[in-house]
Amino acid sequence: MAPLVQVVNMIPRSASGETHQDSEPQLTVNPTNPLEIVGTAFTPDPSGGSPSPGYVSLDGGQTWNLSPVLPDVLANDQSVRFGGGSTLYAATLHAGSMTILRSSPFRPNVVMQPLVQRPSIDQPYIFALDVGGKDRVFTGSTDSGRASLHHSADARTANPPAGFKHALLDPRSQNNSPSIRTAIHSDDTVYAAYFSWHQVPVTKAAVVVARDNASGTGGAPFTALTDGADGLPGIRVEKSVPIPWFDFLGQQRVGSALSIAVDPMDSATVYVAWGEGPKRGSVQTLRVRRSTNRGATWSKNRLSVSNATNPALAITDAGKVGLLYQRLVANQGQPRWQTHLRITSDGWATKPGLDIVLADTPEDAPTYKFDPYIGDYADLEAVGQDFFGVFSAHNMPDPANFPYGVVYQRNHDFGRRLLLDVDQQTIVPESIDPFFFHLSQL
Amino acid sequence: MGDPTPLELNDRVTDWVKAARFIFTGTVERAGSLSPDFVPEGPNVAVVRVERVHSSTRALARYAGQVATVRSREPGTLPVGKRVVFFANPILFGETVALDEVGHIDAPADFVPIEGLIQRVTQDKNDDELAARLANAEAVVQGSVVAVARPPGASPVPISEHDPDWWIARIRVRRWLKGDTPAEVAVRYAHSRDIRWYRSPKPEPGQEAIWLLHRDGVDVGGVVVALVHPLDARPIDDAEIQRIDRLLHSGPGPH
């Protein structure tokens, strides 16, 4: 039986007149109530104020609202994750200063409260998991250019700073790409992935995975894996690969593409995906590898995708692995962004698995306003046996661009392929919008 | 809270105009909320039909004819059928918009006075912002860009995606409006198109403008003044020059 695929443009009807470049989306599903989903993108308050809106759905992603949940004006980076007890965590970046926020329990019309602030940060990216009633929260980022984690083993109810501690990850380099990603397992195993630069600015780097066996509560966090070649913490999955940095795929700035996911049923099985390049014919090639012994050794490339970015891995309770990515292709000479969700049951060992094209949209319009054009990341999350996710893409309402169908909330005319304002008459210029998706019946 | 008539466009209404991002005339259709999960129903919540938009951003400019949920400041002030001018701020964009009221007045027969007030207050708000930027400027000059270049020795590849990627613009000054600079002054600007910097000025060779030069604590090759705010490059036209002259010499305020 084919999976059920739902794709929804997240701009609400009452914001039909908006034309912002709503790139770099994120999504989190409340494990306590999966009908409750929160997303972010570079979407300012349509009325020009603050606080900043988050995308909130209370019906499993079928309809979306923009509700002011993030304090301050639109952030330069933002990331959200639900923990347990309907607690929502976020990390935002304003002018280089990170704020970790909490809403406990999350209320869709209440602004989140700050827990931690820290300067000289780049790309804070948060993960959270309820482990026995305590929320393990890990915010990866660079801190003054160095790979770091701000983490708490029990962040749900404590007063600020809610137990957050700081750890540096990389013993080999003082400089790292901004994407620091973690994967948390309910047995308190936590993996962290990062790029370790060989020189500044980067042309080559190591792809490193570190592990902690106790959610960072021990004396020397993230030192459980040691690389046999140099005896230092963190296994180098690749010792030296070219890494894009301020290279471009079409109008999209690429570099620092990284994702990691652990099997929720087996903490020994972990996947990592990264972007490397440029090489002839491909500005950035995504690689996917697997470890089945807690990160000690890694497979050869299980999947390679040329001219692609924004990898996001997730693993369902049934062990199905999903890889979301966006690939630049040429169709009759015209550049297009294809958003794929690849799904495998055997880790891409022998079979290609499912390849679901969620969207196939023009790349050369609309003209970009800022970097990143579609985002430095998209997002994929597994909840039970389903996949939920989000990506940003050109919002032309053309059903042909969405092979599995699409629902638009904002006013549109599929026949004329036009966006319409709230008056249903005025034509609205095309822009970049976030699109939610949900795959079930896998 | 009383309901001042349009003829009583007093300081209170002026404050409401300053505080509101969505000003419109509408009629109360019924009690209740169109988005009860976000704005629970209550004695101060009503559904309003928007009749005429007086002030908004582009996203709400064409909201006339639509319905909105309004949460008033005081219960009992929005009876069904009442037609008023709302001064409000959006708190939700969903199928419909929900608003927190700042204040309201009875809808006038003639909108000219209230729309005139909105126009004046909006101009004053814009003037206040520019006046603050002018007051903090090290220098304000009118001039044209001779050349732009990355500073010698600077890496063409930033360390962070949010790095400003400082470039230097050399501006030949034709007129000094504030402060003292050399006839050809070097200023720093963020060449980055990253989300953090894309709205900051990007001088181009030959471009003439009024430039607001600020010290920001950064020194790149001895260049300590910078253009970092969207207001730091002003267009050259008579009205803007007169406006800046006025704000520099008398400050913002009613005019």
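Buried residues account for 60% of the 442 residues of chain A in this predicted model. The secondary structure of this chain consists of 34 strands and zero helices. Its radius of gyration is 20 Å, close to the 22 Å that the globule rule gives for 442 residues, so chain A is as compact as a globular protein of that length. The C-alpha trace of chain A spans about 65 × 50 × 45 Å along its principal axes. Of the contacts in chain A between residues at least 6 apart in sequence, 58% join residues at least 24 apart.

Four strands form an open sheet in the order β14-β15-β16-β17 (chain A), and their pairing is antiparallel. From one strand to the next, the twist averages 20°. Strands of a sheet pair through backbone hydrogen bonds, in either a parallel or an antiparallel sense.

Within this sheet, β14(A) and strand β15 (residues 190-197) of chain A are joined by four bridges in the antiparallel sense. A:I184 stands opposite A:V190 of β15(A), and A:A183 has A:Y191 as its bridge partner in β15(A). The two strands form a hairpin with five residues between them. In the turn, A:D188 has a positive phi of about 75°.

In a regular strand, side chains alternate between the two faces of the sheet. Strand β14 (residues 181-184) of chain A is covered on both faces: A:R181 and A:A183 are buried on one side, and A:T182 and A:I184 are buried on the other.

A:T350 lies in the loop between β26 (334-344) and β27 (354-362) of chain A. With 8 other C-beta atoms within 10 Å, A:T350 is exposed. A:T350 and A:S179 are separated by 171 residues in sequence and, C-alpha to C-alpha, by 30 Å in space.

In chain B, helix α1 (residues 11-19) has B:V13, B:W16 and B:V17 as buried residues. They cover an arc of only 100° around the axis, which places them on the same side of α1(B). The buried residues of this helix pack against β1 (22-31), β4, β5 (97-106) and α2 (112-135) of chain B. On the face of α1(B) turned away from the buried side are the exposed residues B:D11 and B:A19.

The two chains also touch each other. In total, 36 residues of chain B are in contact with 35 residues of chain A. Strand β4 (residues 83-93) of chain B supplies five residues, the largest share of the side of chain B that touches chain A. By residue class, that side of chain B divides into 17 nonpolar, 10 polar and nine charged residues.

Conventions:
Residues numbered from 1 in each chain as written. Chains lettered and ligands numbered in written order. Predicted model: local features only at pLDDT ≥ 70, side-chain atom pairs only at ≥ 80, totals over all residues. Contact = placed C-beta atoms within 7 Å. Nonpolar A, V, L, I, M, F, W, Y, C, P; charged D, E, K, R; others polar. Rg over C-alpha atoms; globule rule 2.2 N^0.38 Å. Buried ≥ 20, exposed ≤ 12 C-beta atoms within 10 Å, placed from the backbone. Pairing = 2+ DSSP bridges. Axes fitted to C-alpha atoms, helices over the stretch in contact; angles between N-to-C directions. Arc of directions from axis to C-beta.
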